[in-house]
Amino acid sequence: MLRIEALRVIADCTAEVPVVVTCAASSRELAAVADRPNHLYLLDSMGLAISAATGIALGITDTPVPKVVAIEGDGSLLMNPNVLPTGGFLRPDTLVTVLLDNAVYGATANLPTYADTIDLGLVAEATGWTVHRAADALELRAALVTALDSPGPVLVHTHIEVGNATNVPKLLEDPVIIGRRFQDWLRARIAAPAEVLL
């Protein structure tokens, strides 16, 4: 499964919840699949998708927003691995992370990460996360639906193929505008709950 195929599955399941996505190809490809106001693209903020989603998860406690989803890559997670014990310690019920693991840095000519020898799903389990695993689109959809209906923190460890989608335009929107659009959407979502279809 390519990253963009995984992102199509994630977009299908997350139209009504906030989604925080890591930088570079993941942000560009998700915007190409479905550019929505509930997407917070973290341009040039490698390693912070789970951190931002954890803060949002804590902030939406006791609101009608049922979940927040972080989309993270293995290289990006390895830039900031302390998010795993932080999430395991804080245990926000609303936090779901989809880890797209291809064991390379996709933005740097596919240089290898440590993920080819260190199982990041096991690291998450050791720090208090519930972990589901997926290796294809059907498994990802099933695992994500389960994760969205389970108390967090939950990590869906998804193995994907190496390679970026071709002919995906650069994401050139001003990060301030992206952040404001997301903030406005989240405020409206809290004020007027939507039915979440899983």
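A residue is called buried at under 20% relative accessible area, exposed at over 50%, and partly exposed in between (1.4 Å probe, protein chains only). The model is predicted, so local features need pLDDT of at least 70 and side-chain atom pairs count only at pLDDT 80 or more, while totals for chains, interfaces and linings use all residues. Residues are numbered from 1 along each chain as its sequence is written, and side-chain values use heavy atoms, with hydrogens and water left out. Helices (H or I, at least four residues) and strands (E, at least two) are DSSP runs, numbered from the N terminus.

Select Ala109 to begin. The loop between β5 (104-105) and β6 (111-112) holds this residue, and its relative accessibility of 71% makes it exposed. Most residues other than glycine have a negative phi, and most peptide bonds are trans.

Now select residues 83-90, helix α5, where Val83, Leu84, Gly87 and Gly88 are buried. Viewed down the axis of α5, the buried residues lie within an arc of 135 degrees (taken from the directions from the helix axis to the C-beta atoms), so they line one face of the helix. Their cover includes α3 (49-59), α4 (74-79), α6 (120-126) and β8. Just after α5, Arg91 has a positive phi of about 50 degrees.

Finish at Pro153, in the loop between α7 (137-148) and β8 (154-159). The peptide bond joining Gly152 and Pro153 is cis, with omega about 5 degrees.

Definitions and conventions:
Contact = heavy atoms within 4.5 Å.
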